[in-house]
Amino acid sequence: MYSFLDIETLSPNAFNLRMFCQASGEPFSGHLMTAIDRTAYPRPGSPLTVEELEARYHLNDADLFFVHGKASSDAGRLTLAVLLKCRQDLGYFPALCAIHIGTVTHLAAQLYLASVTPLLDEARQKTMLHRYRTAVRSHLGVLPFSETAEQMISATVLAAAEMMSDPADLINRAIETLGKASIDLPAFSTLDRLVNHLRTQVHTRMYMQVTARVTSDTAMVLDELLAVPEGSTTTPFNRLKQAPGTARPETIRLWTERLEWLASLIDPDPLLDGISHTKLRQFASEARALEVSELRAITQPGRCYTLVLSLLRQVRAQCRDELIEMLLRRVRKTQVAAKEKLKSLQEQHRGIEEKLVGVLGKVLETAKDSENDTDVGKRIRALLAKQGGIETLSEQCETVSAWHNNNDLPLLWPIHAKTRSLLFRLLELMDIHSANQDRSLLEALSVVIEHRSARRNELDGQLNLSFASQRWQNFVTKRRRDGVVMDRRALEVCVFIHLAAALQAGDLFVIGADTFDDYRTQLLPWPDCEARLAHYCEALDLPKSGEQLVTQLRHELAATAAAVDVGFPSNAELTIDADGLPHLKKLEANSAPKGLSAFEMEVQARMRERHLLDILRDGTSWTNFTRHFGPPSGADPKLARADQRYVFTTFGYGCNLGPVQAARHAPAIASANTLRRLNAQHISTPKLEAAMTDLINAYNRFALPKLWGAGRAAIADGTHIPLRENNLLGAQHIRYGAYGGIAYHHVADNYIALFTTFIPCGVWEAVHILDGLMKNRSTIQPDTLHADTQGQSEPVFGLSRLLGIMLMPRMRNWGDATFYRPDKSARYQHIDRLFTREIDWRLIAMHWQDMMQVVLSIQAGFVLPSMLLRKLGSYNRKSRLYQAFRELGRVERTLFLLRYVANPEIRRTIRAETTKIESFNDFLDWITFGSPVIKSGDPVEQEKQVKYASLVANAIMLSNVADLTETLGSMDRDNLPVTPELAAALSPYTRRHIRRFGKYELNMDDQPAPLMPKPLPFDVP
């Protein structure tokens, strides 16, 4: 477990900027400055909308009193007002010439100036401006940047550099620190130089620490990783970066050998001891992105070894994860194959079953026709002999009855036996431990391993099989005259199946793995949670104890149920049948506004034709989203025409053309190798997410999307993505009936894509339902989440409640909808038949602290909801934490169901919002015209592929909203009908005006006008 509290920081006085400048003459000679637009350093030159100006540059009465009291002339008052509001908004005093004229005009209008007078001159009126700035600082209670402030941010940056590598992130941390301390920001160059020096200092200490621990023998092994062995065509270092294939026996064998090889090299943990987990992950990412030649070219002592060791450490953990995943998949495949075999046998024996029924019918007829038992016996024996004889019929009867009760357990062993030796070899390399006091499964596993080569099929003695169901226990144990024995083969299959379930649930964990390590070590310690608890509960209006939470929930559930019961007679759309199942009448579709068809035709006719490449160019011109792309070290790219090549890389991968096809159509922009290199080394998953956030924020500045949704809700859903059968995550999806994976999207109610991830088939989508909202860093922050029927898991409802998210999934059937009473004694006149069970309030109160520790760990960014929900699956019913979240979720789910059946507006809203995600999926199909198949077998590349597509989608939506806003304004000027109802029927997914094909050219000099969202010709409701 890692946190900032664990960091051993350098002294805050380790570096003084002024002393360094005096000593070296030219500060930081040779340093490449971080691009300012990659940071959160505020700049004054951007045009703002009317709403933004009103929110950020409004002069209240106190501001006006101050301005008029400190300045006497119009120019002085305007200048003082500009300095005041810029200091409040930006955190420093910018050069007056850099402030956008629109901002100055807005302030002049509030001062009732007849015209925008020139601001004071920086050169001629220094004394006056200095006096004004001093007065503003005194009025706002802020301080100028000083040596004390420098020491403060030095301490902050040194601590943060233990966890972060990107200079832009460190600069942002320094800006945040100065903002909280109410201190002026210094010039960006000052921050940049200070941060880069401190970052270098921290990295150098880490590199030297590793160098001091590396012996000559260790150095020889590391050097050999970067050299091509005799008789080989590639280096062992490239072998480290290999991606796993499908969970076939040959892949398991290869990956087992891979882990043995990795374990035989070096144990990197002692050499990297003292370096934070996040830093090691960043170093590993940097090493993975570099070629062998680039690693060899590193001259800084210790850096090359540190990067390689960090990658080796990560690859070992990932290899364990991948092998465990292969184990889980083989076990699931064995279970599926057994069920299919059972079904096949049942089909094969259907004729025998029908024949036996026919024989029984004839026996009954014979019994009816005979008057005495002797005659019946003779005639039945003759009949049975005629039908094949008693022995043959008995065998047929045993065959049919063996598979009649869906008993697939006897069929598991022959399937499991084909790969058992590989799975045992895999387990030999794993150090598996229990996450609780129950060690019965591990003890059974040791018995199975001990007798894996035994010839006898029966084992004497008894074993604790409490981890297994009674059905399994009956199958494993056999009663003999001399006592109880165990079927060795049945025991082995039983243990492997339950071992897979326990690893998936987190009841067992693997030392040295990543995903399958002990998840409890990733939680925030409770003392740290207590420090956050009061503020978190206050922000979300949550009770601060388990007893208070139970009181609140019990009252809310009782009040909601009573209200629904009272309103039932007037609810003509709801009926309840004799079994207690609710039935709702189908909602009538909303009618389209009058004149919509003509309106849409006119809008489409006025939309300017654009090429998709030009849209991406305009998107980065407006938001500079490509500033996030660059080398993994965080340095600025030393790349000619970087922006053009980044845009084209986004286009090639986002449209799924791939580097070869994209380069063929635009060889003048970049070669296929260049595109591959940029994708591998300069563009990562977090960088794509940051670029998406820029486009979302720009989109959110427009008024038009607010007609489609307020941004308070999001819709989550998955869509099938075909894959080549060359990867670990791919599988045959039952629902889609095809091989591939799932692209899981979170789309805001105003259509923009907030988050996208790639998950394997077979994983319950509800596990990932909350991740998108937790990882969303945009200005659109939904607190309501719609989903398909997959989103109805009780633990998900419980976790959502404590995270402040209202979960509102679509209901397709009521067969599994259980309503819970707030109390055993609660009875209702009209809706009582709905309720079939009661809430166990004791569980919620007892485990409130455990649940809040999970929630606060998620809120602090230590874990993702999907990681916890994967452990809280329905197969983990023994977990007390699962039971607590499930019970809380039953309360929240019942509240939702009651509101759903009582309020048609809720049902109408859910239906309308969930259709948006379907439109988005169709939009993505249009964008990925290069191919519907993801060709890479690397899970990292699969994740990036779906994020590229969503990035392109958001760029198109931003362009469309800008064009639609302009189009609506031009139609209004031409006196054509433009109403909120008509505009609300539009969509940013329109694409008839966009060209995807033709000759690919990208002129980065042809820049669009600055993005200045214009008001709509009507008020937004």
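These questions and answers walk through one predicted protein model.

Modeller: Local features need pLDDT of at least 70 and side-chain atom pairs count only at pLDDT 80 or more, while totals for chains, interfaces and linings use all residues. Residues are numbered from 1 along each chain as its sequence is written, and side-chain values use heavy atoms, without hydrogens and water.

Colleague: How many helices and strands does the protein have?

Modeller: Both are DSSP runs, numbered from the N terminus. A helix is H or I with at least four residues, and a strand is E with at least two. The secondary structure comes to 42 helices and 17 strands.

Colleague: What is the radius of gyration of the protein?

Modeller: This radius is taken over C-alpha atoms. The globule rule is 2.2 Å times the number of residues to the power 0.38. For 1021 residues the rule gives 31 Å, and the protein comes close to that, so it is as compact as a globular protein of that length; its radius of gyration is 34 Å.

Colleague: Which residues have the most contacts inside the largest nonpolar core?

Modeller: A nonpolar core is a set of buried Ala, Val, Leu, Ile, Met, Phe, Trp, Tyr and Cys residues joined through side-chain atoms within 4.5 Å. Buried means under 20% relative accessible area, exposed over 50%, partly exposed in between (1.4 Å probe, protein chains only). The largest such core has 156 residues, and those with the most contacts inside it are Phe-648 and Phe-651.

Colleague: Which helix gives the most to this core?

Modeller: The helix spans residues 939-973. It gives 14 residues to the core. Its name is α41.

Colleague: Where is Ser-370, and is it buried or exposed?

Modeller: Ser-370 sits in the loop between α17 (350-369) and α18 (373-386). Contact means heavy atoms within 4.5 Å. Leaving out residues up to four places away in sequence, Ser-370 touches Asp-375, Val-376 and Arg-379. Its relative accessible area is 10%, so Ser-370 is buried.

Colleague: What does Asp-438 count as, at its relative accessibility?

Modeller: Asp-438 lies in the loop between β1 (432-434) and α22 (440-450). Its C-alpha atom is separated by 10.0 Å from that of Leu-508, 70 residues apart along the chain. The relative accessibility of Asp-438 is 36%, so this residue counts as partly exposed.

Colleague: How many of the 1021 residues are buried, as a percentage?

Modeller: The cut-off is under 20% relative accessible area. Counted over the protein, the buried share is 54%.
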